[in-house]
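Take a moment to look over the chains before reading on. Then follow the text one part at a time.

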Amino acid sequence: MENQDIMKPENIVYKKPALLTDNVMHYCPGCSHGTVHKLVAEVIEEMGIQDRTIGISPVGCSVFAYNYIDIDWQEAAHGRAPALATAVKRLCPDKYVFTYQGDGDLASIGTAEIIHACSRGENIVVIFINNGIYGMTGGQMAPTTLLGMKTSTTPYGRDPKLNGFPLKITEMLAELDGTAYITRQAVHTAAAARKAKNAIRKGFEYSAKDIGLSFIEIVSTCNSGWKLSPVEANEWMVGHMFAKYPLGDIKDVLK
Amino acid sequence: MNINWIEMAFKGTIEIDTQRCKGCSVCIGNCPNHCIRLSKSVNGKGYRFAELATDGCIGCASCAIVCPDSVITVYKVKI
Amino acid sequence: MAEKILMKGNEAIAISAIRNGVDGYFGYPITPQSEVMETLMKEKPWETTGMTVLQAESELSSINMVYGGASCGKKVMTSSSSPGISLMCEGISYIAGAELPCVIVDVMRGGPGLGTIQPSQSDYFQAVKGGGHGDYHCIVLAPAYAQDMYDFVDWGFELAFKYRNPVMILADGIIGQLMEKVELHPAKPRRTAEEILEAAPWATTGKPAGRARNIITSLSLDANTQEDFNRKLLAKYDAIRESEVKYSEYLTDDAEYVFVAFGCSARICEAATDILREEGIKAGLIRPITLFPFPEKEISRLAGRVKSMMSIELSLGQMVEDVRLAADGQCPVGFYGRQGGNIYTPEEIVSEFKKFNNLK
């Protein structure tokens with residue numbers, strides 16, 4: 001059977017979700033953001049909640065997320081998305097509300113906002129992209145940068161005496177009574193991406209159950225910031241990032 | 001259900017939006033049958049793009065799932 | 001006859017919010033305005049009107065909660081005092097940049113820094129000239145009575161939605177803390193979902209099939225897009241300057257000397273004007289009720305026919321700059337101020353007035 005004979009609409013088993021717009025993503029080749037955007041779009045599409053979902057993306061590479069997923073969006077100041085989401089969910093409790101934040105945003109400038117949103121048990125979903133670096137501003141050290149890792153502000157490698165230690169904020173948040181579901185995932189392989197999608201779906205479902213905040217960390221690559229090819233960046237992530245940031249569920253109050 | 005996996009075979013293929021592909025190659029390593037390669041020519045953005053190299057595709061969609069730019073459509077038929 | 005109740009200015013803000021159909025209040029405690037949130041929490045409006053009231057972890061967070069709520073087309077507000085407003089300035093700039101309606105109450109205290117908890121008017125520059133970054137203006141309303149505190153909440157939301165612009169009620173510790181009779185106008189219900197769609201079709205209420213997605217943002221990396229947006233804001237501010245100036249005058253018709261004062265200072269200047277009139281000196285007072293837009297034309301008109309003007313403020317002299325710009329050299333413009341929470345008496349103002357005007 002020739003390929004042309006297979007390429008018929010009835011034989012499609014996977015395609016770009018309809019909720020992803022046709023805009024070409026501004027992300028670098030191989031960037032995890034694109035894959036995570038797709039998973040979020042698939043979850044919203046499959047749950048049929050496009051008309052009830054509000055996304056909030058603050059400063060960072062994903063500040064333009066509103067160009068890619070076809071839902072209503074709010075663009076927030078650096079670190080402040082959980083505050084916006086708090087108000088949106090409290091004022092519009094029938095909506096699904098999620099933030100999409102990077103590690104510089106969530107784990108550095110926005111620590112107060114995320115901790116208190118978690119502590120209050122806001123019924124929102126937080127997608128946390130952790131690639132251990134500030135991507136948009138050109139590869140500076142983030143709170144999650146690994147020890148020894150070279151960035152433009154740690155050109156000789158992160159030294160704990162100079163720069164402090166990597167922040168495992170996800171484990172910290174799991175300690176808070178207001179969080180319902182805390183997990184750490186990745187999207188470098190098809191199997192990992194399927195698990196990440198299930199986690200995102202669970203987060204959205206939990207956010208409608210009035211049981212608290214769902215937090216999905218995605219350990220990600222920033223191949224431009226890491227100065228590696230996309231494939232090498234994935235390998236480096238598996239070899240180094242996963243040791244500090246191991247994958248799997250950390251907390252699930254319904255289990 | 002008793003499935004005879006040996007007799008149950010699939011043939012698949014992929015369609016790549018080559019103008020949107022950024023040639024990141026993440027799909028290549030994720031293909032279990034090693035059927036994808038980078039093209040020799042470049043697209044309008046100057047990227048070498050992913051293309052199907054062999055007819056070993058089984059339509060598993062691994063390549064499409066990990067594609068950050070969602071440029072791959074996957075087709076599959078039972079044979 | 002509408003009901004009149006004795007209450008503090010800060011309480012009037014809270015009661016007005018509940019009775020005027022406000023959807024949400026987000027705040028953080030700071031003296032001298034903590035009664036706003038305390039009153040709301042005591043009244044439990046979530047059980048009556050369905051209003052949301054939340055104590056945030058900081059002013060940064062409360063202003064960003066306002067940003068989120070306003071993005072949904074809701075009537076949302078916050079209140080704070082000077083140092084807290086400084087923290088909010090990032091958010092206020094984003095709100096102005098995203099063209100969101102909201103009401104922010106600043107019950108001013110003395111600064112800079114931690115300063116004092118006593119009343120002051122030294123945040124005029126911050127409120128009127130920006131505070132945050134970028135070319136923007138808040139509409140600034142200056143209450144002088146507890147009744148104003150009550151009325152300006154509703155007026156503020158009307159202006160905020162009319163222009164999609166943040167409105168600041170610039171009060172001070174005196175107006176916040178004084179107790180006066182306040183007339184309660186008939187209550188308004190909160191807007192229904194349908195009314196929100198009509199009042200704010202731009203709001204992020206969830207994208208139904210058939211409309212483009214609504215995006216609330218202040219980001220435009222392209223220089224021309226940003227410049228076009230800045231010009232659009234300028235056109236809006238010009239329209240506000242043209243239509244929304246509000247002020248009151250006291251004995252200015254035949255005045256030879258005019259005080260310019262807002263908020264609590266206007267009340268004290270009214271008493272000073274009375275003393276001068278009793279002495280046969282033809283004094284008058286103009287009280288800007290809107291500080292942005294500033295009553296430039298009216299001050300210019302008065303400046304053309306009086307012997308002098310004097311700006312009286314609880315600061316080192318901030319509004320006086322705008323008075324001088326408006327007077328444009330037509331008459332001398334003097335200034336007298338007190339700081340640190342000290343308040344002038346009418347007699348003190350009369351004495352300073354005479355010094356400035358070489359009168360015995």
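What follows is a walk from the chains to their helices, a sheet and a single residue. Keep in mind that this is a predicted model.

Start with the chains. Two pairs of chains are in contact, and chains A and C share the most contacts. Chain B and chain C have no contact between them. Their closest C-alpha atoms lie 21 Å apart.

Now look at where chain A meets chain C. Two packed helices are described by the angle between their axes and the distance between the axes.

Which residues of H3(A) and H3(C) meet? From H3(A) come Ala83(A), Leu84(A), Thr86(A), Ala87(A), Val88(A) and Leu91(A). From H3(C) come Ser61(C), Asn64(C), Met65(C), Tyr67(C), Gly68(C) and Gly69(C). By class, this contact of H3(A) with H3(C) has seven nonpolar and five polar residues, and no charged residues.

Next, stay within chain C. Helix H1 of chain C (residues 9-19) packs with helix H2 of chain C (residues 35-43). The angle is about 45 degrees, and the axes are 7 Å apart. So H1(C) and H2(C) are oblique to each other. The crossing of H1(C) and H2(C) is right-handed.

On the H1(C) side, the residues that take part are Asn10(C), Glu11(C), Ile13(C), Ala14(C), Ile15(C) and Ile18(C). They meet Glu35(C), Val36(C), Thr39(C), Leu40(C) and Glu43(C) in H2(C). By class, the contact of H1(C) with H2(C) has six nonpolar, two polar and three charged residues.

Turn to the sheet. Five strands of chain C form an open sheet with mixed pairing, in the order S10-S12-S11-S14-S15. What are the edge strands? They are S10 (247-250) and S15 (333-337) of chain C, and each pairs on one side only. From one strand to the next, the twist averages 20 degrees.

Strand S11 of chain C (residues 257-260) deserves a look. In a regular strand the side chains alternate between the two faces of the sheet. Tyr257(C) and Phe259(C) lie on one side of S11(C), and Val258(C) and Val260(C) on the other. These residues are all buried, and both faces of S11(C) are covered.

S11(C) runs parallel to strand S12 of chain C (residues 283-288), and four bridges join them. Val258(C) has Gly284(C) in S12(C) as its bridge partner. Val260(C) stands opposite Ile286(C) in S12(C). Across the sheet lies helix H10 of chain C (residues 263-278). H10(C) lies across S10, S11, S12 and S14 of chain C, and runs at about 170 degrees to S12(C).

Finish with one residue. Val105(C) is found in strand S5 of chain C, residues 102-108. Is Val105(C) buried or exposed? Its relative accessibility is 0%, so Val105(C) counts as buried. Beyond its neighbours within four places in sequence, Val105(C) is in contact with Ile13(C), Met77(C), Thr78(C), Ser79(C), Ser80(C), Ile85(C) and Ile169(C). Val105(C) and Val167(C) are 62 residues apart in sequence. In space they are 8.5 Å apart, C-alpha to C-alpha.

Note on methods: Residues are numbered from 1 along each chain as its sequence is written. Chains are lettered from A and ligands numbered from 1 in the order in which they are written. This is a predicted model: local features need pLDDT of at least 70, side-chain atom pairs count only at pLDDT 80 or more; totals for chains, interfaces and linings use all residues. Side-chain values use heavy atoms; hydrogens and water are left out. Axes are lines fitted to C-alpha atoms, for helices over the stretch in contact, and angles run from 0 to 180 degrees between N-to-C directions. Helices (H or I, at least four residues) and strands (E, at least two) are DSSP runs, numbered from the N terminus. Angles under 35 degrees count as roughly parallel, over 145 as roughly antiparallel, 65 to 115 as roughly perpendicular and the rest as oblique. A crossing is left-handed if the near helix is turned anticlockwise from the far one by less than a right angle, and right-handed if clockwise. Contact means heavy atoms within 4.5 Å. Ala, Val, Leu, Ile, Met, Phe, Trp, Tyr, Cys and Pro count as nonpolar, Asp, Glu, Lys and Arg as charged, and the others, Gly among them, as polar. Buried means under 20% relative accessible area, exposed over 50%, partly exposed in between (1.4 Å probe, protein chains only). Two strands pair if DSSP finds at least two bridges between them.
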